[in-house]
Amino acid sequence: MANTVIGSSIVIDGEITGEEPLTILGTVKGKITVAQSVAVEAGATVEADVEAQTVTVSGRLTGNVVARERLELKPESKMVGDAKSPRIVIADGAGFKGNVDMDV
Amino acid sequence: MADKETVIGPETRISGEVRGEEDLIVRGRIDGKVQLTQTLTVEKGATVQADVDVRHLIVAGTVVGTMVASESVKLVSSARVVGDLASPRVMMEAGAAYRGRVDMGDIAAARAAIGSHAVQRPAASEKSVLRPAPPRMTMPAKAVVAGKAAALVAPTAPGARSAPAVSASGSGPASPPAFPRVAGAMGAMTPAWAKKKIRRR
């Protein structure tokens, strides 16, 4: 489904913008702005501010996240940074440090 | 598939540096720098405006920048490419549009050049590729005389630039039989967009 895939050996230093789902298995540093979903898969490292409709983290994410619809931290994930989203799911076993803003 | 292949989708744009040890397929756009130990494929409709250092380079879309491929370069018929090219094997299909210098010899030197360029000017690669003639750079406020001198020098630039490319194809180690024919056809088949750019210089 995902139209853009950043493979596990890829390192991107810069900015990613797009209108389609983004799956990250490798490393991205910088900034990510996507109209659709961003998936940070297990083993992936993201050091970036992320803005998307839905963000799903299974790997490691450092940066501020704005998810217009939903942010989900999976069991083995680690996230450091501020999270802003109307729906935030933090699974048992996920690591998280930062502010949560659900617009309430 | 997802483990050994990276795809930049048609609606995605990356500006910055991409490094990796796997195949990369671009359907969208990359601006900046691409460094891979495997194959970079620029598909039809995709744009890469970057210094490229890869093993194999396959272009069906648009590439603007300096390209180094340690094993091979293939420009298919829909390719539009501007920039210097260094690789031991270079293949161009009929219909491919290319302007720049081809070097089938010293890949290491070309790679070293790309590295230092990238450090000095990460985003300015397009400009320098399109206007490599240095005389223009040295005529900022220096009266009309300087302008005339540049005008005299400028028309010779395309010829001077194409000469090394021709000699490179003659002395190239691989020298596939199809290459001279394609190289000869390049002049006659230069597309309008490339001619416009050449005329402007």
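**Notebook: chains A and B, predicted model**

**Entry 1. B:Gly9**

I began at B:Gly9, which is buried because 20 other C-beta atoms lie within 10 Å. My cut-offs: a residue is buried with 20 or more other C-beta atoms within 10 Å of its own, exposed with 12 or fewer, and partly exposed in between, with C-beta atoms placed from the backbone. This is a predicted model, in which local features need pLDDT of at least 70, side-chain atom pairs count only at pLDDT 80 or more, and totals for chains, interfaces and linings use all residues. Residues are numbered from 1 along each chain as its sequence is written, and chains are lettered from A and ligands numbered from 1 in the order in which they are written.

I placed B:Gly9 in the loop between strand 1 and strand 2 of chain B. Strands here are DSSP runs of E, at least two residues, and helices are runs of H or I, at least four, numbered from the N terminus. Which residues does B:Gly9 touch, not counting residues up to four places away in sequence? I found A:Asn3, A:Thr4, A:Gly18, A:Glu20, B:Arg27 and B:Gly28. Contact means C-beta atoms, placed from the backbone, within 7 Å. B:Arg27 is 18 residues from B:Gly9 in sequence, yet their C-alpha atoms are 5.1 Å apart.

**Entry 2. Where the chains meet**

I turned to the contact between the chains. Chain B gives 21 residues to the contact and chain A gives 22 residues. On the chain B side, strand 1 (5-8) and strand 2 (12-20) each supply at least two residues. Strand 2 of chain B has the largest share of that side, nine residues. I sorted the chain B side by type: five nonpolar, seven polar and nine charged. For this, Ala, Val, Leu, Ile, Met, Phe, Trp, Tyr, Cys and Pro are nonpolar, Asp, Glu, Lys and Arg are charged, and the others, Gly among them, are polar.

I then checked pairing across the contact. Strand 2 (residues 11-18) of chain A runs antiparallel to strand 2 of chain B, joined by eight bridges. Strands pair if DSSP finds at least two bridges between them. A:Thr17 has B:Arg13 opposite, in strand 2 of chain B.

**Entry 3. Chain A**

I counted zero helices and 13 strands in chain A. Of its 104 residues, 38% are buried. Among contacts in chain A with a separation of 6 or more, 1% are between residues 24 or more positions apart.

I followed the pairing from strand 2 of chain A. Strand 2 runs parallel to strand 4 (residues 27-34) of chain A, with eight bridges. There A:Asp13 stands opposite A:Lys29. Strand 4 of chain A also pairs in the parallel sense with strand 6 (residues 45-57) of chain A, over seven bridges. A:Gly30 has A:Ala48 of strand 6 as bridge partner.

I listed six helices and 13 strands for chain B. Buried residues are 34% of its 201 residues.

How many residues does the largest nonpolar core have? I read 68, and those with the most contacts inside it include A:Ile24, A:Val38 and B:Leu57. Such a core is a set of buried Ala, Val, Leu, Ile, Met, Phe, Trp, Tyr and Cys residues joined through C-beta atoms within 7 Å. Strand 6 (residues 47-59) of chain B has the largest share of this core, seven residues. Beyond four places in sequence, B:Leu57 contacts B:Leu40, B:Val52, B:Met67, B:Ala69 and B:Val73.

I looked next at B:Val26, in strand 3 (residues 23-26) of chain B. B:Val26 is buried because it has 27 C-beta neighbours inside 10 Å. Its contacts beyond four places in sequence include B:Ile8, B:Thr41 and B:Val48.

Strand 11 pairs in the parallel sense with strand 8 (residues 67-75) of chain B over four bridges. B:Ser72 has B:Arg89 as bridge partner.

**Entry 4. Confidence**

I noted a mean pLDDT of 71 for chain B, with 55% of its residues at 70 or more. pLDDT is the predictor's confidence in each residue, from 0 to 100. Residues 116-187 of chain B have pLDDT below 50, and this stretch has 59 contacts in the model beyond near neighbours in sequence. Where pLDDT is low, predicted coordinates should not be read in detail. The predictor gives the complex an ipTM of 0.84 and a pTM of 0.67.

Notes. Two residues are in contact if their C-beta atoms, placed from the backbone, lie within 7 Å.
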